Amino acid sequence: MSNNNGFNLESLMVPTLAATVYAAQESSLYLGGAIVPMENVPAGSTSLQVPILSLAGAAEEDSAASAFGSDDFTSTAITDTTVTIPVSVLARRTILRDVGGVNPASIGRQLGQSVAKAFDQKVTGLFTSFATNSAVVGSGTSNALTVDDVIDGATALKTAGEYGQLMAVLHPEQVANILKDINSTSFAGGDFQSEALRNGFRGTLYGVMIFESSFITATTDTDNLWEGAMFSRDAMRIAMQKNVDLEVARRAEAVGFDVVANLHAGVGIVDNARGILIKSTGNTVET
């Protein structure tokens with residue numbers, strides 16, 4: 001339990017709220033909506049419904065070369081299914097007592113990071129559900145991830161018809177193994193190798209934007225493989241009702257303030273075929 005001294009509700013709320021929201025947005029890969037698109041859930045609803053339309057098939061052709069026909073083009077029904085993404089409430093609460101000297105902005109940062117961590121874990125927890133496409137398994141020594149594996153994953157998604165921007169969210173140890181592969185003699189002396197070693201590789205490879213997340217989980221078997229994923233923007237959706245917020249209320253029983261950071265949001269896969277699991281070892285290799 002944290003302590004605080006000499007703040008009224010107004011002077012406590014402003015800096016703590018600002019620190020909470022800033023920390024959550026800065027520490028989360030997904031709350032900004034750049035990697036996984038975000039759609040607002042209207043008031044009165046607790047879930048997002050995402051319509052998925054079927055392909056219409058190849059278009060018919062009528063041309064002057066074969067004399068235009070007088071009949072209408074054939075009507076094709078376009079069916080739809082709906083993916084429902086429920087909204088959850090993620091919250092972290094603490095109490096600031098009137099006695100003590102804790103900076104409320106520091107408390108806000110901790111609460112914001114806590115909410116962001118919980119949400120990012122919800123997103124990465126869905127990666128193992130990308131089961132339509134066969135997982136890419138690291139082809140390097142002891143199943144380490146290589147540059148070729150990133151190319152193979154992107155090729156599999158493109159072969160399946162996905163030509164949008166691809167993103168890969170990988171564990172730092174997976175990214176480290178890509179960097180080690182780039183540091184091999186195969187890339188020796190090139191600008192690509194020099195840039196990767198200078199800055200640490202977190203850029204674009206074969207058109208795939210690479211991101212790191214320490215919340216990627218590993219298999220529980222003896223292989224101990226990290227389970228990252230590669231996907232397009234149409235693979236997942238965030239259902240957002242209220243982004244990171246903070247509520248502060250006087251708590252007489254504690255002679256202080258209740259401080260609660262919260263987020264009303266959910267996440268779900270809307271098209272399994274637009275993602276692929278990327279499995280590889282890290283510093284702990286298989287036995």
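This is a predicted model: local features need pLDDT of at least 70, side-chain atom pairs count only at pLDDT 80 or more; totals for chains, interfaces and linings use all residues.
Me: Quick one before the surface numbers: how are the accessible areas worked out?
Reply: Accessible areas come from the Shrake-Rupley method with a 1.4 Å probe, and for residues only the protein chains shown count as cover. On that basis the protein chain's accessible surface comes to about 14800 Å², with 51% of that belonging to carbon and sulfur atoms.

Me: OK, how many helices and strands in the protein chain?
Reply: Five helices and 13 strands, taken as DSSP runs numbered from the N terminus (helices H or I, at least four residues; strands E, at least two).

Me: Where does Ser142 lie?
Reply: In the loop between β6 (136–137) and α3 (147–159). Ser142 has a phi near 55 degrees, positive although the residue isn't glycine. Asn143 lies in that loop between β6 and α3 too, with a positive phi near 65 degrees.

Me: Switching to α3: which residues are buried there?
Reply: Val147, Asp149, Val150, Gly153, Ala154 and Leu157. Buried means under 20% relative accessible area, exposed over 50%, partly exposed in between (1.4 Å probe, protein chains only).

Me: And what comes just after α3?
Reply: Gly161, with a positive phi of about 105 degrees.

Note on methods. Residues are numbered from 1 along each chain as its sequence is written. Side-chain values use heavy atoms; hydrogens and water are left out.
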